[in-house]
Amino acid sequence: MTQALFNNYNRRAIHLVKGEGTTVYDENGKAYLDFVAGIAVLTLGHTNPMLVNAMKEQSEKLWHVSNLFANPEQEKLAATLVENTHLAHGFFCNSGTEANEAAIKLARKHTGKHKMITFLHSFHGRTFGAMSATGQEKVHAGFGPIVETFEYVPFNDVQALEAAVDDETAAIMLEVVQGEGGVNPVSNEFAIAIQRICDEKGILLVVDEVQTGIARTGTKYAWEQTALKPDIVTLAKGLGGGFPIGAMLAKEALFDSFGPGTHGTTFGGNPMATHIAQTVVDYVFTDEFLADVQSKSTYFIQLLNEKLPALEVRGMGLLLGIESPLPVADVIQAAEDKGLLLVGAGESTIRLLPPLNVKRQEIERAVDILVSILG
Ligand SMILES: Cc1ncc(COP(=O)(O)O)c(C=O)c1O
């Protein structure tokens with residue numbers, strides 16, 4: 001048989017057929033601890049009963065109506081996402097790349113300018129705008145000419161940023177922790193400088209929270225733990241807990257720049273997606289849940305530092321990275337053989353992204369497997 005699928009992923013050989021919580025099973029019944037979680041998507045693990053119920057409930061009522069009609073579920077979800085923040089409005093789409101596409105369009109439309117600063121090793125998606133915003137040549141390779149209005153500045157380099165901004169700059173766009181690029185957190189000094197530059201020069205600040213948002217870092221949004229006060233925020237991944245949905249949130253001042261006819265999507269924020277996302281967000285946006293993510297993160301980092309003292313551990317919350325002394329692909333394979341699923345980041349980083357409701361014993365087991373490979 002010829003291969004029916006494009007070959008655009010380096011897929012692993014295992015075929016996963018069932019999941020429960022942090023555990024997934026392959027077709028031969030072998031169990032794995034899933035510390036990939038769909039790449040930071042399965043906020044509440046596999047087949048979470050509350051989400052299964054939410055999906056069943058909505059699937060028997062209404063799946064899709066189109067954005068031509070009033071959608072109170074979207075209103076409610078947008079209100080929940082911006083509650084207790086300085087943000088005011090939301091737009092829903094289906095993925096992170098689409099959320100960033102919306103952010104780029106909104107920033108251009110609002111400012112009337114097109115120059116945007118993004119950072120080396122960033123990742124913002126695969127469509128032309130989001131791909132061009134991504135500061136990695138390998139992502140652009142073969143697709144040129146890309147959208148040539150992005151300037152890529154070294155991350156955490158204040159001087160380079162100051163030299164790059166000018167009166168034509170519409171926006172600066174960054175991830176609080178560069179996820180795909182190697183689990184690189186923004187430094188305090190850099191966050192302060194970005195906010196100062198944006199305030200002084202009237203430049204919009206776009207924070208891509210596609211990977212870091214929705215409690216992944218122990219706060220609702222990762223920017224809350226920094227000096228950043230974004231004008232625009234993008235979300236996807238963990239928002240739907242496994243059901244596809246993306247969102248762009250923005251400050252009041254940007255409301256009029258996205259009037260009727262300016263931007264849209266057929267599927268974005270349909271009743272299925274918004275109902276499931278609302279269930280996720282209502283559950284994770286509580287002080288108790290966020291404190292639990294923070295305390296598990298501290299425990300995880302502590303165990304790794306204790307048992308693998310020679311290795312650097314970076315990240316925030318349950319988006320962690322270990323700088324690997326061995327080839328990342330070998331570590332991923334060895335972990336898979338021992339029943340732990342991992343994903344790489346950047347050139348030499350092992351990324352740890354368990355579901356946010358992972359149990360402490362599961363963290364301990366994962367650390368034991370990591371120690372058996374890296375210790
Ligand atoms: C920070 C960030 N932005 C955007 C994206 C693109 O999201 P999606 O794959 O849902 O289009 C990703 C995906 O890895 C991401 O990590």
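This is a predicted model: local features need pLDDT of at least 70, side-chain atom pairs count only at pLDDT 80 or more; totals for chains, interfaces and linings use all residues.
**Notebook: loops, cores and a ligand**

I started at Ser66, which sits in the loop between helix H2 (49–59) and helix H3 (72–82). Helices (H or I, at least four residues) and strands (E, at least two) are DSSP runs here, numbered from the N terminus.

I number residues from 1 along each chain as its sequence is written, and side-chain values use heavy atoms, with hydrogens and water left out.

I looked up phi for Ser66 and got a value near 85°, positive in a residue other than glycine. Ser66 has 22% relative accessibility and counts as partly exposed. (Buried means under 20% relative accessible area, exposed over 50%, partly exposed in between, with a 1.4 Å probe and protein chains only.)

Next I checked Ile39, in helix H1 (residues 37–40). Ile39 also isn't a glycine, yet its phi is positive, about 60°. Its relative accessible area is 30%, which makes Ile39 partly exposed.

Then I found a cis peptide bond from Gly144 to Pro145, with omega near -5°. Pro145 is in the loop between helix H6 (137–140) and strand E6 (150–153). I jotted these down because most residues other than glycine have a negative phi, and most peptide bonds are trans.

**Inside the protein**

Which residues touch the most other members of the largest nonpolar core? I got Leu81, Phe119, Leu161, Ile172, Ile194 and Leu342, out of 90 residues in that core. Helix H12 (residues 360–374) gives the most to this core, with seven residues. (A nonpolar core is a set of buried Ala, Val, Leu, Ile, Met, Phe, Trp, Tyr and Cys residues joined through side-chain atoms within 4.5 Å.)

I zoomed in on Leu161: leaving out residues up to four places away in sequence, Leu161 touches Ile117, Phe119, Val153, Ile172, Phe190, Ile194 and Ile197. Contact means heavy atoms within 4.5 Å. There is also a second, separate core of 20 residues, including Leu106, Met116, Met173 and Leu204.

**Around the ligand**

I counted 13 residues around the ligand (a heavy atom within 4 Å), and Gly96, Thr97, Asp208, Gln211 and Lys237 come nearest. A ligand nitrogen is 2.7 Å from a side-chain N or O atom of Asp208. A ligand oxygen is 2.8 Å from a polar backbone atom of Thr97.

Definitions and conventions. A polar contact is a pair of N or O atoms within 3.5 Å; within protein, one must be able to donate a hydrogen and the other to accept it, and residues adjacent in sequence count only if both atoms are side-chain atoms.
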